[in-house]
Each structure stands twice: as structure tokens, then as C-alpha cells.
Amino acid sequence: MQADTRHEPAATVQSSRQADSASGQLFQEPPFFGTPQKYDPTFKGPIYNRGCTDVICCVLLFLAIVGYVAVGIIAWTHGDPRKVIYPTDSRGEFCGQKGTKNADKPFLFYFNIVKCANPLVLLEFHCPTPQICVKQCPDRYLTLLSARNTRDFDYYKQFCVPGFQNNKGVTEILRDGECPAVITPSKPLAQRCFPAIHASKGVLMVGNETTYEDGHGARKNITDLVEGAKKANKILEARQLAMQIFEDYTVSWYWIIIGLVIAMVLSLLFIVLLRFLAGIMVWVMIVMVILVLGYGIFHCYMEYSRLRGEAGSDVSLVDLGFQTDLRVYLHLRQTWMAFMIILSILEVVIILLLIFLRKRILIAIALIKEASRAVGHVMCSLLYPLVTFFLLCLCIAYWASTSVFLSTSNTAVYKVVDDTACPLLRKTCNPETFPLRNESLQCPTARCQFAFYGGESTYHRALLGLQIFNAFMFFWLANFVLALGQVTLAGAFASYYWAMRKPDDMPAFPLFSAFGRALRYHTGSLAFGSLILAIVQIIRVMLEYLDQRLKAAQNKFAKFLMVCLKCCFWCLEKFIKFLNRNAYIMIAIYGTNFCTSARNAFFLLMRNIIRVAVLDKVTDFLFLLGKLLIVGSVGILAFFFFTHRIRIVQDTAPPLNYYWVPILTVIIGSYLIAHGFFSVYGMCVDTLFLCFCEDLERNDGSQERPYFMSPELRGILLKGNPQEGKQEEVEEE
């Protein structure tokens, strides 16, 4: 009977294997999706004789890059990034810069600070009110009406427009926007004058005044002015916070780099040990993650107990509200209770997953061991994330610089203003030449006044579209860089799997060969896949923008629809990323176009959906634990160091405004570094998994159609298959 089985046709053997698998195989396969791969004696792994794919998308990407470069050149020609850092007056002249007429006037003064209370100020870098450069900010409270014809007017005049002539009435001066109606005690912040607001006995005050006179001599409560100034200060408080964060970076960057280097060393050490001690390292990783979370729970409990009885520690988070100084929350017992509950839930979830997935973890460890062997034969793959990181840095730098130059391309626009009927009303004018031109004779009372900060040329009207194009190209190029890395790694690891005699049958330089094939033949396919993903991502950005605009709306249906759209496009993006990743693996192996590769990869995964859920996702879970272990270890070390709880030799942490700034930077950076190293293993596991599924469809393990998988992988993944036992007996005979 065994001899007959040996000489049965290949199709009969395959049918018999599938029938036996239905009763005893570990992974039960669903009905076929698409046509399974057939045995091909000439197939030995990634195809070298291939042609270019998706040429149209390649050409489209080239044209888009040319257009992107043109947009950058135009933006760099019109923009001036100094506007982001240094203040400019209403005429676009810098304050306090050498070589300008305002070299001795370093501070910017706003005529009406209330008009700055607009979120668009942070985007346009300009308030819609006259602004002048001054030598110092006001240190006293005065109104134009009270200072006129007094000795205080000499002091007041320095806050009027340059060249101001005191030959008009108060109402005419205010009408022409030549002087502010009121000046209040102010303090400089980022070279800008902001009202010095404080509270006295529950009353909001500017300086020592509680009332002020308006331009018509009426006495009003200063609270009205203060409320407007408070709104402006809240909008501009983000700039102060940004400056304090920047100061923290300037004094802690050295230690941040050390923390990131420690994360890189730990990640590299973990990957190297995983190469030789995969099984032991995985279990050590699991135990260490549980211990780290357990220590986090213990630390939160100790802090919670320590704050018992302290004044103010029982205030709730809701009553406290949002505070820019996050250290305030660490003095609340409720904060540590929330941390403890979150960590406890995370600990319980991980332990339960480990209990229920213990058998699957053993199988996943076997797959990780095989991935370790593959990485060991392609060691240079561990350095490829540096290439991806470098290319992504170029994309980010170009996008950020272009965005800043586009945002600072606006210029001061002046319009003709007149209280009477004038044919020139609202037309653009030049304040320096308007009084001398003939047009001013048509409207004797007209004046050329600052209107807004922008522009009326075709370029300025297209700025919003250019910003959208800039963001879209960033997504497209960033996704293309990631796709290039995935195809390169997939091609190298596929060369390992489909080598019958490992590593003798592998090409000399599998990584460089795969990289060359990807660029030479499949730039169009990579552009196609990244284009689809970029379109979805830019739609998500637009939805977020619309959601911000609709927050003040009371239409519940619109809010519900927006939430549904955001959820749907989030799910769509995740699905496209998953599909693209597997499509790139098929492109690396077969050299087919994107659509064909995506279809074949999807059908192959659907034919092995149980294996996908059991193996692929369990290995992703184990890799996530590895990342959490590295991030948690480095994060705890950073927390103790920057909070002055430990010292390194003689050095201590520098004084900081917010110690969470370097800690979060180290944590995020550590995760990105760990993700970069583990992404190599993740791509290796995904590639080997798809190759394994293909191997099962193409071959049956007989001498005529042997498996390409290693004996170790075969022994674990096909364990429990009755037909495998029969086949082994046949081979022994």
C-alpha cells in the first residue's frame, strides 16, 4: 500500500493529503479562493527573467516628483522662514534685524491684541491688526484721548505708525489707524508685546487699572479688554509652551541621544541573541514584559499611597482641567490610580493571551527560529532600516521646509478704505505711493489701510492647493520608500526560503540583487501601491480638518457621519497596508504587476486564513512584546534619570521646564528604533509564511516534489498531519 502511494500521480497524492488534512491537520483550510499554485519543476524562487510592471504609474510618479520640485522652488523663491521666528510689522519688515530700518526696535506691538484671538494666527503667522516695531513694550496704561495734549503724548507717540504727524483729531487718528486707542502694561514674549494680565482680589487687571476710556471718552470696565486679551494669550500660549520645550531640548539633547543609543544597543543585542537563542529569548522577553508591567503597577501603588493625606492630592482630574504643566497631575492620587488600573488591565490581558495561545506560541517560536536563520544568512538586512530611515528623513525635511516656505509666502495687502461712496473702495493700494497718485484725488477722504496678510496673485490664491499637494506628495513618497524596503527585504528572504540547499543555492548578494530588481523593474508597481495608500491618507487628513471645523456645529447627524467616515477610512487604510505588504512579497518573488500580485496574495492568504490568524498574528504579538520590553526598559531608566532619582557617575539631569519632554522623546525614539530592527524580522516572517503556504500548494514532500522548507520548520508546522507520518514511512523505505 505504501509502495502504491509512492507511485501515485502527483494530483492523487495531493488530493489524498488534503483529505487526510481535513480530519487531522492542525490548520483546517477553508474552501479555495482562486486557483492554487501548481507544481513547476523550473521554479526555484524569485524569478530573475522579468519585465517592467505598471509603467504608467512609474511615469506618473516621475512627473509628480518634477512638479513637487517645481513647487519647492516656487515656495523657496516667495517664502521667508524668518517670519516664523522673527516678528514682522504690517509692512513685512523685520523687527530688530541688522541692516533694516527697525534694527533698534526689537519688539512687535499690536494695536488691538484682541484681533489676534483667532486660531488662524498660528497658521498664517500674522494677526489682522496694524503692527509696528517698538524699542520697548508699554509699561503704563494710557488712552489716546487722555494722553492727547499732555506730557504723556511724547511717550504715547512711539506706539503710533512711523512718520505720524500730530495734526489730526482723535477720531481721525483712530479712523486712519495711525495710533492705538489704548496702550496697556505689557511684557515681551518671543519679541512680541502681550498685556501683563494678573488678578487682584478676584478682579482681572492690566497693570493697576480696572477701567479705561475708549476713543470717545467713555469709561469702560477693563475686564472687557482683558477678556479679549486673555483669548489672544490662550491662542499664543502655544508659542510660549513651544519655546519652553525648545529650551528643554537645548539642555537635554545630549542625554536624549545617549538614551536613544542605549535603545539601539539593546535592540541590536536582542536581535543578535534572537539569531542564536530564539526560543530562550522569546520566553525571556515574555517574562521580562510581565515583570516590567508588574513593577509599573507596584510603583504606581507606592506613589498612590505616598500621596495619602497630602493637601490637594484628592482633587479630581475633571476639577483640575487641562494644565500645560503636566507635572501638576503627578501630585494627584487619581492620576496614579488611573495609571495603575491601565497597567493592571494590560498585565491581565497579556497573561490571558499567553495562557490561551501557549501552543500557538510554540509554533510561532519555530517560525521565528527559521526567520533567525534567514536573517543570519542575510546579515546586512539588519542595516537596511538605516537606508529607509535616511530616505524618510529626506522626505520629511523636504516636506517640512516646503510647508514653512509656503506658509511664509504671504505679504501685507492694503486696501482703499473710505467712509463715503468711493469708486476705489476695497481696491488694492500701496501705502507709500497712494497719497501721491492721482487716484487719491477722486476720493479725498480715502486712505490706504492694511487689510490682511496674504496676497491676491494667482500664486497666493493657489497656496492652499499647494499645501495639499505638498502633503499628498509627502505621503506618496514616504509610502514609496517603505514599499521599496519591503520589496527589497522580501526578495532577499525569499531567495533563502526557495534555496533547496541552504545557503549554498542562495545568490551571492541577495539583498543587493533584490534592491536592484525592485528599482529596475517594479518602480511603477511600488508607485501604484503607495499612491492608493497616499490617497486614503490625504482623505483622512481632510476629514480631520473638516471635523475640526464642525466641532462648533450643533448638527448631530453631521458629527455622526463624520465619525463613521473617519472610522471607515481608518479601517480602509489598515486593510490597504496589509494587502500592499503581501502584494510586495509576491512582486519580489514572481515579478508580476501590482494588481495581479495583490489578488494572488489575497487569495493565498484566504486559502490559509487559519494559519494567518494562528501564526502570522501570534508572531506579530511576540514582536510587539519585544518592542514593549525595550521601550519600557529605556523609558524607566529615562524617568528615574530626568526626575533626579538616579545619577550617572558625577553627572545629573539638567534643570528642565517639563521633564516629560525628554522622557517622551526617548520613549518615542526608542520605539521607532526598536520597530526599525524588528521590522526586518517581521518582514522575514511574513515572507517565509507566504512562501510556506506556496510551498504546501506546489509540493507534497515526496522525492519528486520535495518541500523547500527546512526540516525544523517542517517538523513544527506540519506536526499532527497523518499524511506526513505516512510520507515519512514511504521515504524511509
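Begin by selecting helix H17 (residues 463-497) together with helix H20 (residues 556-590), whose axes come within 8 Å and cross at roughly 50 degrees. Bear in mind throughout that this is a predicted model. H17 and H20 are therefore oblique to each other, and their crossing is right-handed. To see where they touch, show the side chains of Ala483, Gln486, Val487, Ala490, Gly491 and Ala494 on H17, and then those of Arg581, Tyr584, Ile585, Ala588 and Ile589 on H20. Coloured by class, the residues of this contact of H17 with H20 divide into eight nonpolar, two polar and one charged.

Next, select helix H13 (residues 358-377) and helix H23 (residues 660-698), where the axes come within 9 Å and cross at roughly 110 degrees, which makes H13 roughly perpendicular to H23. On the H13 side of the contact, look for Leu367, Ile368, Glu370, Ala371, Ser372, Ala374 and Val375, which meet Tyr681, Cys684, Val685 and Leu688 of H23. The residues of the contact of H13 with H23 divide into nine nonpolar, one polar and one charged.

Finally, turn to strand E1 (residues 107-110) and strand E2, which pair in the antiparallel sense over four bridges. To follow one of these pairings, select tyrosine 110, whose bridge partner in E2 is glutamine 131. Are the two faces of E2 (residues 131-134) covered or open? Both are covered, with Gln131 and Cys133 buried on one side and Ile132 and Val134 buried on the other. In a regular strand, side chains alternate between the two faces of the sheet.

Note on methods. Residues are numbered from 1 along each chain as its sequence is written. This is a predicted model: local features need pLDDT of at least 70, side-chain atom pairs count only at pLDDT 80 or more; totals for chains, interfaces and linings use all residues. Side-chain values use heavy atoms; hydrogens and water are left out. Axes are lines fitted to C-alpha atoms, for helices over the stretch in contact, and angles run from 0 to 180 degrees between N-to-C directions. Angles under 35 degrees count as roughly parallel, over 145 as roughly antiparallel, 65 to 115 as roughly perpendicular and the rest as oblique. A crossing is left-handed if the near helix is turned anticlockwise from the far one by less than a right angle, and right-handed if clockwise. Contact means heavy atoms within 4.5 Å. Ala, Val, Leu, Ile, Met, Phe, Trp, Tyr, Cys and Pro count as nonpolar, Asp, Glu, Lys and Arg as charged, and the others, Gly among them, as polar. Buried means under 20% relative accessible area, exposed over 50%, partly exposed in between (1.4 Å probe, protein chains only). Two strands pair if DSSP finds at least two bridges between them.
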